[in-house]
Amino acid sequence: MFDKDMTNNNEYDQNASRHKSWDVLYSIIRTLTIALLGISLAVAVPLLWRNFYYMHVDALHLAEHTPWSRAEIIEAFDEMMDYCMLGAPFDTGVLKWSNEGMEHFRDCRLLFALDIHVLIVSTMMAAALFAIKKVGAVRELRPLGRGPLFWGGFTEIILITTVLGGVIFVDFNKAFIIFHRLFFPDKTNWLFDPAKDQIIRILPEVYFRNCAILIGVIMTVFGALMMLLDFNIGRKVRNQNSAE
């Protein structure tokens, strides 16, 4: 009888340990998924929101400071983005371009595609993980009273604060160079010759700076929303525990 009770206790402990391991794994995966979802979403916005560039064409008076009309500038930008995002043949309208310049945009196309794929996969995973939690298949861990939504959002805010702090410290131009050396190692085709690749003349540094700011704002807002949502969930959990 004693041996039977010991066996049952051992089985219970093993099952409890197994469930706890799944809970830990689930919580880690959900935290990383939330962080990746916010980051990939923030990066996707300036890639998909072309009006953001069009606003810069007007605000920076690019048609007045270059030999091309507003329509020609927008056509060049759209054709370049169609290549990067939709796989269309590369072109820049009436603007000159070189094979070396096109190779850089081919590299960009790979990074853009990676971001969109991460966004799609992380969105699907976030939905699936929510459904798993909803049916009670796992127990979400809440270290320090905070769950995966909080820690995913917190990770984003810390990341963007660190990155923006670094940009402010080294200035945007140096950060821009560091970015290209990091994501395009051993390549120099991102150093455009304006005479050969005229599209660089309609892509001023301030546009890229504002894209970085937009990404930072979206990441911060998304992270803050996730943290606020987790605060609300934590309050409900505490109320339920108090009621019991």
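Which residues form a nonpolar patch on the surface? In this predicted model, the patch consists of Ile213, Val217, Val221, Leu225, Leu228 and Phe231, and together these residues have about 530 Å² of accessible area.

Side chains of opposite charge can pair when their charged atoms come close. The count of salt bridges in the model comes to seven. One of them joins Arg30 and Glu140, whose closest N and O atoms are 2.4 Å apart. Arg30 belongs to helix α1 (residues 2-48), whereas Glu140 sits in the loop between α5 (99-134) and α6 (148-170); the pair therefore ties together parts that are 110 residues apart in sequence. Both partners fall under the 20% limit for burial: Arg30 is buried with a relative accessible area of 7%, and Glu140 is buried with 9%.

A further salt bridge links Arg50 with Asp82, and here the closest N and O atoms are 2.7 Å apart. Arg50 is located in the loop between α1 and α2 (51-59), and Asp82 in helix α4 (residues 70-86), so this pair connects parts that are 32 residues apart in sequence. Asp82 has a relative accessible area of 23% and is partly exposed.

The side chains of Arg142 and Asp230 also meet in a salt bridge, at 3.0 Å from N to O. Because Arg142 lies in the loop between α5 and α6 and Asp230 in helix α8, the pair ties together parts that are 88 residues apart in sequence. Arg142 is partly exposed, at 21% relative accessibility, while Asp230 is buried, at 0%. Through salt bridges that share partners, Arg30, Glu140, Arg142 and Asp230 are joined into one network.

Asp197 is found in the loop between α7 (172-183) and α8 (205-243). The side chain of Asp197 makes a polar contact of 2.7 Å with the side chain of Ser98. Leaving aside residues up to four places away in sequence, Asp197 touches Lys96, Trp97, Ser98, Gly101 and Phe192.

Note on methods: Residues numbered from 1 in each chain as written. Predicted model: local features only at pLDDT ≥ 70, side-chain atom pairs only at ≥ 80, totals over all residues. Heavy atoms only, no water. Helix = DSSP H or I, 4+ residues; strand = E, 2+ residues; numbered from the N terminus. Polar contact = N/O pair within 3.5 Å; in protein donor to acceptor, adjacent residues only side chain to side chain. Contact = heavy atoms within 4.5 Å. Patch = residues over 30% accessible without salt bridge, like charges linked within 9 Å, V, L, I, M, F, W, Y side chains within 5 Å. Areas by Shrake-Rupley, 256 points an atom, 1.4 Å probe, with all protein chains shown as cover. Salt bridge = Lys/Arg side-chain N within 4 Å of Asp/Glu carboxyl O. Buried < 20%, exposed > 50% of the residue type's maximum accessible area, 1.4 Å probe, protein only.
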